[in-house]
Amino acid sequence: MRVAVIDYKAGNLTSVLKALRYLGAEVVVTDADLALVENAERIVLPGVGHFQATERLDATGLTPAIRKAIARGVPFLGICVGMQWLYAGSSEAPQQPGLGHFAEGCARFPESHEKVPHVGWNSLEVRSGSRLLAGVEPGEFVYFTHSYKAPITADTAAIAHYIEPFSASVEHRNVMGVQFHPEKSGTTGLKILRSFLSWEATESA
Amino acid sequence: MITKRIIACLDVHGGRVVKGVQFVDLIDAGDPAALAARHAREGADEIVLLDITATHEGRQTLLDTVRRTARELFVPFAVGGGIRSAVDAAQVFEAGADKVSINSAALANPLLIDAIGRSFGAQAVVVAIDARRDPQAVDPVRDAQVFVQGGRKPAGRRVVEWAREAEARGAGEILLTSMDSDGTRAGFDCELTAAVSESVSIPVIASGGAGTVDHFVDVFGRGRADAALAASIFHFGISSARALKEELARAGVSVRLPC
């Protein structure tokens, strides 16, 4: 299984690469090489840091290359900011468009007495029909660290609760996103990554 | 619901665990990779590895240790000790750490917080603060003195204002050690922890003074801590993070269980 991991210079990829390799994937990293995206059997867009950093995907031509791969039905997983990028954009960087695969926008947690960022292990409410999270039982925990989040829509695959309910995971055909870090979420996280690697693609995006 | 984190801390020197959480029945109780894996398996929510030598010569040993420890660790992993520059931090991240903990170097050069945060994200920067109450101050708790060099030298900063500056510069978490409580096993300094936790929006990890399960209940309640370091408690009848968390759950603290 050849997995292209997209590097947009926004942080540390080591943990994601390590987890994918641990699960037996053949991982290639690309920060500009479009051929690696074109030939990939899976694409992973990790992400930590600021939404603005995704501008590099546009500057390098990776955005259209990813769009094409998604249209061909290549399974795609966005992690954290990588999930948020699948939406139209984020109020973190209003001038920077996302991929727009999901029409809505991401926003900061509202002001409350709770801390922002949301950091730590939180549980998932998995919606029936999610293939990515099919093996995740009620009460399993995953590790989050973020200040911005995606809204709950028909494509939401799992909900988490912090200040208000938000999309912890999104899924539509072969395009998936997780707000949490599966590479840092113990056996639950590895199970989710394994589901992604063994994903059988539906016909198109 | 978000849970309170129990963080296992390993102090290493020359690639070996010298203090902190050790187990007598491990064949090699001093191997950081083996201990970290065991803590993760036994319910720790996160692992912190602190290089207490942090000499220039020791850097390569530390990086090897980090690499080996990170290899099969799939929970958050923070590394501290001797990180003096963004380049030092980059090497530690490359070796497999998810977060770096900086202390004296951040006080000497606060711009280091900005620099690491910019390159690796705020979530990757933990600012560690060693503080001691100042009985001379108007507010001995909020104005507790910050110390550097392992608590040997006052840094000339007050705990709340320094924690706020660290947050403003892009720290993702504060690791707060009470020097008054450290080593006493008489409980965390809940007033100090609460004063800092209520002054910043980023998570605060409490450290220093744990001796019983009730001390953790206290620091998560009264102390408003988001996480706590567990070290010597594992020597005193609590066999693992899981056992500690089971007790905490019985006391009404929200923790990650089963784990």
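Of the 151 residues in the largest nonpolar core, B:Val100, B:Ile174, B:Ala228 and B:Ala230 touch the most other members. A nonpolar core here is a set of buried Ala, Val, Leu, Ile, Met, Phe, Trp, Tyr and Cys residues joined through C-beta atoms within 7 Å. The model is predicted: local features need pLDDT of at least 70, side-chain atom pairs count only at pLDDT 80 or more, and totals for chains, interfaces and linings use all residues. Residues are numbered from 1 along each chain as its sequence is written, while chains are lettered from A and ligands numbered from 1 in the order in which they are written.

**Core and buried residues**

- Not counting residues up to four places away in sequence, B:Ala228 touches B:Ile6, B:Ile7, B:Ile205, B:Ala206, B:Ala210, B:Phe216, B:Val219 and B:Phe220; contact means C-beta atoms, placed from the backbone, within 7 Å.
- A:Val37 lies in helix H2 (residues 34-38) of chain A; helices are DSSP runs (H or I) of at least four residues, numbered from the N terminus.
- A:Val37 is buried because 21 other C-beta atoms lie within 10 Å (buried means 20 or more, exposed 12 or fewer, and partly exposed in between).
- Beyond its neighbours within four places in sequence, A:Val37 contacts A:Ala4, A:Thr30, A:Ile43, A:Leu62, A:Ala65, A:Ile66 and A:Ala69.
- A:Val37 and A:Ala69 are 32 residues apart along the chain, and 7.3 Å separates their C-alpha atoms.

**Helix pairs in chain B**

- The axes of H3(B) (residues 86-94) and H5(B) (residues 111-120) come within 10 Å and cross at roughly 40°; axes are lines fitted to C-alpha atoms over the stretch in contact, with angles from 0 to 180 degrees between N-to-C directions.
- That angle makes H3(B) oblique to H5(B) (under 35 degrees is roughly parallel, over 145 roughly antiparallel, 65 to 115 roughly perpendicular, and the rest oblique).
- By class, the contact of H3(B) with H5(B) has 7 nonpolar, 1 polar and no charged residues; Ala, Val, Leu, Ile, Met, Phe, Trp, Tyr, Cys and Pro count as nonpolar, Asp, Glu, Lys and Arg as charged, and the others, Gly among them, as polar.
- The axes of H8(B) (residues 213-221) and H9(B) (residues 241-250) come within 10 Å and cross at roughly 60°, so H8(B) and H9(B) are oblique to each other.
- From H8(B), B:Val213, B:Phe216 and B:Val217 meet B:Leu244, B:Glu247 and B:Leu248 of H9(B).
- This contact of H8(B) with H9(B) has 5 nonpolar, no polar and 1 charged residues.

**Contact between the chains**

- Chain B gives 26 residues to the contact and chain A gives 28 residues.
- On chain B, the side touching chain A has 12 nonpolar, 6 polar and 8 charged residues.

Notes:
Two residues are in contact if their C-beta atoms, placed from the backbone, lie within 7 Å. Helices (H or I, at least four residues) and strands (E, at least two) are DSSP runs, numbered from the N terminus.
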